[in-house]
Amino acid sequence: MKKHAGFVAALLVLPLQLSAATLIHNVQGYTMHHGDRLAFAALEYEDGVVTVLYEDEEAAATSTAQERIDAGGLTLLPGLIDAHGHVAGLGATLASVDLTGSDSEAEAAARVAAAAQDAPADAWLFGAGWNQVLWTGGEFPGRTSLDALIADRPVVLNRVDRHALWVNSRALELAGITASTVDPAGGQIVRDAQGAPTGILIDNAMRLIAEALPEATVVSKKQDLSRAMDYLVSLGMTGAHDAGSTALEIDAYDSLLADGSFPMRIYSMLRMADPLIGEDLAAGPRAQSSDLFVLRSVKISADGALGSRGAALFEDYSDDPGNKGLLLLSDEVLSAQIQRSAALGFQVNVHAIGDLANAKVLDEFEQLNAMPAQRALRHRVEHAQILRPRDIERFAKLDVIASVQPTHATSDKNMAGDRLGEARLEGAYAWQSLFESGAILAGGSDFPVEPPNPFFGLHAAVTRQDREGAPPGGWREGEAVSRDKALSLFTEDAAYAGHAEETVGRLLPGYAADFILVRDDYFTVPREQIWQNKVMLTVVAGEPVYRAVEAASLSGLP
């Protein structure tokens, strides 16, 4: 506390009206402020806004707050913010067959078959989370294994990265996909030696299935969004940046706001790939009608993902000669989408994983950010995953935010070297190198591609290990970050990336009372245990939106 004693003392004497305030005390509290850690023992808030921080219990005893919560020594942190997730996608995943961790094509197909027994006979069957990289041989699965178990109804299974679909013959039939179907631009229909579709569709080819799906409704999207948000707050998340909201999802968000069913803050990116967004795009960024929902950015996708070999690279994949991945948009279309969105006043957030895609997007932003008004919009690269060393320095120079997902590094570590070769790993998942260059980063998970638990991301950023502790010492451990910086990624830095650094992401007077109580002290628990932390209470704007069963013992909770 000595380093910040003068600053904290100033906070303690602010003349504030506390007649209806709530005091939460007996905590080990932390907040970040421009990368520096501030500790406190009690926090007071009123009308959803923090009013006072207290250094110790003696100072807290002078509070005149009418309501008092004794936290029993738990750790209090700012509410965590995921800067890149897919909210409706998470909601749908929570209601579909979970293929995460399946160890073979046969096991994944068997999981779907088991779920089919409880589904209506005419229903489409959905699942997600398969990853052929984890299977013996590492080969893509095919329709025949699904056909052998489920032939009478369509099956659609998302790869873990959501950049490839595995479908059965019935789904191909309903979508009209045959040996004569031409690969769409930016997509691939994987075929066997005879040219017949195998049941794997990559990137833009996935749209052929999407067009055949039963039509979604506002009601069904509301169910997906509500299911996801309720789950996210249980994990300690008070905010999320929705990385690609469709027009229908925007309508569903609006309806949930009208219903008063909105437990967290959502910063939405309008999905440019949705053909129905024209009206929302033309309307420009919304004035903030609610402090819970903001729409002022767009999401554009430049390439695919590394696991499905869709990330666009300058040179061939090391394990697939002749394949450089997929650019989902032509240079002309990419430039036009960026320019139009920026001209309308939107922050532009572009998905780029491969080094070629990242370089192209940075080139576009270099032209755009030559104008001060455009720099002020804080344009972002989503993922910034594989970079040429020369491009790492460009983020800070161009004022481009790198929106990164630490768990991608620990999930991809077993295949990234195969895909890229050792030399290209120098600029891959290079979070510490980006920090050292002066770049601004924001932290997320890319849920449901990765688990949404933010403590998994904090753990991965600090240790560069998976949750089983592999590899010893961490994968490319020089790119690990400090605990302070990792917490900033998921709090104040994510808030900055969403133009909200003056209202959320920190626990200081005047900031929203968005906070969580957790079981373990994030700063003192052994590094390898960071991911095991347990959320006891989540509060948004001063209102509890989640409490664990174990929180029943806390006195004074409303």
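**Contacts, rings and backbone: a chat**

User: Leaving aside neighbours within four places in sequence, what is Thr407 in contact with?

Analyst: Leaving aside its neighbours within four places in sequence, Thr407 touches Ser445, Glu450, Phe456, Gly457 and Ala460. This is a predicted model.

User: Where is Thr407 placed, and is Thr407 buried or exposed?

Analyst: Thr407 belongs to helix α15, residues 406-420. Its relative accessibility is 3%, so Thr407 counts as buried; the cut-off for buried is under 20%.

User: New topic, helix packing. What is the angle between α8 and α9?

Analyst: Helix α8 (residues 218-234) packs against helix α9 (residues 247-259) at about 70 degrees, and the axes are 8 Å apart.

User: How are α8 and α9 oriented to each other, then?

Analyst: Roughly perpendicular. Angles of 65 to 115 degrees get that label, which is why α8 and α9 fall under it. The crossing of α8 past α9 is right-handed.

User: Which residues make the contact?

Analyst: On α8, the contact comes from Val218, Lys221, Lys222, Leu225, Ser226 and Met229. On α9, the residues are Leu248, Glu249, Asp251, Ala252, Tyr253, Ser255, Leu256 and Asp259.

User: How many of those in the contact of α8 with α9 are nonpolar, polar or charged?

Analyst: By class, the contact of α8 with α9 has seven nonpolar residues, five charged ones and two polar ones.

User: How many aromatic pairs does the structure hold?

Analyst: There are 14 aromatic pairs in the structure. One of them is Trp130 with Trp166, which is edge-to-face, at 5.8 Å centre to centre and 80 degrees between the planes.

User: Where do Trp130 and Trp166 lie?

Analyst: Trp130 is in strand β8 (residues 125-130) and Trp166 is in strand β10 (residues 164-167), so the pair ties together parts 36 residues apart in sequence.

User: Are Trp130 and Trp166 buried or exposed?

Analyst: Trp130 has 0% relative accessibility and therefore counts as buried. Trp166 is also at 0% and counts as buried.

User: Which residues do ring pairs link into a cluster with them?

Analyst: Trp135 and Phe140 join Trp130 and Trp166 in a cluster linked by ring pairs.

User: Switching to the backbone. Which residue does a cis peptide bond join to Pro471?

Analyst: Ala470 is joined to Pro471 by a cis peptide bond, with omega about -10 degrees. Pro471 sits in the loop between α17 and α18 (483-489). The peptide bond from Phe447 to Pro448 is cis as well, with omega near 5 degrees. Pro448 is in the loop between β19 (441-443) and α17 (454-463).

User: Why pick those out?

Analyst: Because most peptide bonds are trans, and most residues other than glycine have a negative phi.

User: What is phi of His383?

Analyst: Phi of His383 is near 100 degrees, a positive value in a residue other than glycine. His383 is in strand β17 (residues 380-383) and is buried, with a relative accessible area of 2%.

User: And phi of Tyr429, what is that near?

Analyst: Tyr429 has a phi near 50 degrees, again a positive value in a residue other than glycine. Tyr429 is in the loop between α15 and α16 (431-436), and at 0% relative accessibility it counts as buried.

User: Last one. Is Glu543 buried or exposed?

Analyst: Glu543 counts as exposed, at 52% relative accessibility. Its place is in strand β22, residues 543-547. Glu543 and Ala513 are 8.3 Å apart in space, C-alpha to C-alpha, and 30 residues apart in sequence.

Technical notes. Residues numbered from 1 in each chain as written. Predicted model: local features only at pLDDT ≥ 70, side-chain atom pairs only at ≥ 80, totals over all residues. Heavy atoms only, no water. Axes fitted to C-alpha atoms, helices over the stretch in contact; angles between N-to-C directions. Helix = DSSP H or I, 4+ residues; strand = E, 2+ residues; numbered from the N terminus. Parallel < 35°, antiparallel > 145°, perpendicular 65-115°, else oblique. Left-handed = near helix turned anticlockwise from the far one by under 90°. Contact = heavy atoms within 4.5 Å. Nonpolar A, V, L, I, M, F, W, Y, C, P; charged D, E, K, R; others polar. Phe/Tyr/Trp six-rings, centres within 6.5 Å; stacked < 30°, edge-to-face > 60°. Buried < 20%, exposed > 50% of the residue type's maximum accessible area, 1.4 Å probe, protein only.
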